[in-house]
Amino acid sequence: CIIIVLIVLLYLFYIFFIVKRPVHNVLIDKPVYLTQDYNSFISIDKLPPSSTGRKYTYAFWIYIKNVPENTIWNSDFQHEKIILFHFGSPNVYYIPKSHELKISIFYKNNLNEKESYDFILDNLESQNWIHVGLTVNNKNVDVYLDGELHASTVLNNIPWIPNKYMYIGEKNNNFNGYLYYLEYINTDLGIEEMRDLYNKTKNTTPNNLVTYSEVFNNKNKKK
């Protein structure tokens, strides 16, 4: 009996102290309009690494406006617009010219040089909320759209994870769209869990979004 009790105690110790529960942080819980000079950051304490290998999950909503080439872009229409930038862990860009979303994951090659694997997501809906998910489990990377697995790859090496801030948007190089409900989990979620992330927030996306003209007019009034 004593041996059984000791085994149970050791197992409980392992579960509660050795195997840590994943950290799930909601980094942004309100819609953020990435336009003009908007730029912010997420501190590294909100992005703790996994306790078992190089694993993480990001999930977020974006709203891409139907913005013509000859209007409000502060930089080149063909230039990549930063949505999320975490030094390749990951980077998420919008490319207005081709109306594509680009997700870059960095890893180191055999020469210890950083390379990237790029997911290109096309045929995206404009004027509508889109849920994007990304899971990384060492070399295995999955991308989700609206709760469903969209693309997968196996990296040539383990992913690069920096001990640095994550940046949201880039001053005068924003995608003129909305980012909403950005989540970070320091492990890789499975297909059902990613579907649950989508389902729990799909009815919370806001409809009354501020337009660019309202932002522009308010900015001029403050001058």
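A contact means heavy atoms within 4.5 Å. On that basis, residues 24 or more positions apart account for 69% of the contacts in the protein chain with a separation of 6 or more. The model is a predicted one, in which local features need pLDDT of at least 70 and side-chain atom pairs count only at pLDDT 80 or more, while totals for chains, interfaces and linings use all residues. Residues are numbered from 1 along each chain as its sequence is written, and side-chain values use heavy atoms, with hydrogens and water left out.

The protein chain has three helices and 13 strands, taken as DSSP runs numbered from the N terminus (helices: H or I, at least four residues; strands: E, at least two). Of its 223 residues, 43% count as buried, where buried means under 20% relative accessible area, exposed over 50% and partly exposed in between (1.4 Å probe, protein chains only). The chain exposes about 12,500 Å², of which carbon and sulfur atoms supply 52%; accessible areas come from the Shrake-Rupley method with a 1.4 Å probe, and for residues only the protein chains shown count as cover.

Across the whole structure there are 13 aromatic pairs, a pair being rings of Phe, Tyr or Trp (its six-membered ring) with centres within 6.5 Å, counted as stacked with planes under 30 degrees apart, edge-to-face over 60 and tilted for the rest.

| Pair | Centre distance | Plane angle | Class |
|---|---|---|---|
| Phe 85 and Phe 87 | 5.0 Å | 65 degrees | edge-to-face |
| Phe 87 and Tyr 167 | 6.4 Å | 70 degrees | edge-to-face |

Because Phe 87 lies in the loop between strand E5 (81–85) and strand E6 (91–95), whereas Tyr 167 belongs to strand E12 (residues 166–168), their pair ties together parts that are 80 residues apart in sequence. Phe 85 is partly exposed at 22% relative accessible area, as is Phe 87 at 24% and Tyr 167 at 31%.

The charged end of Lys 164 sits over the ring of Phe 87, 4.6 Å from its centre, the criterion being NZ of Lys or CZ of Arg within 6 Å of the ring centre and within 35 degrees of the ring normal. Elsewhere, ring pairs link Tyr 33, Tyr 63, Trp 129, Tyr 178, Tyr 180 and Tyr 181 into a cluster.
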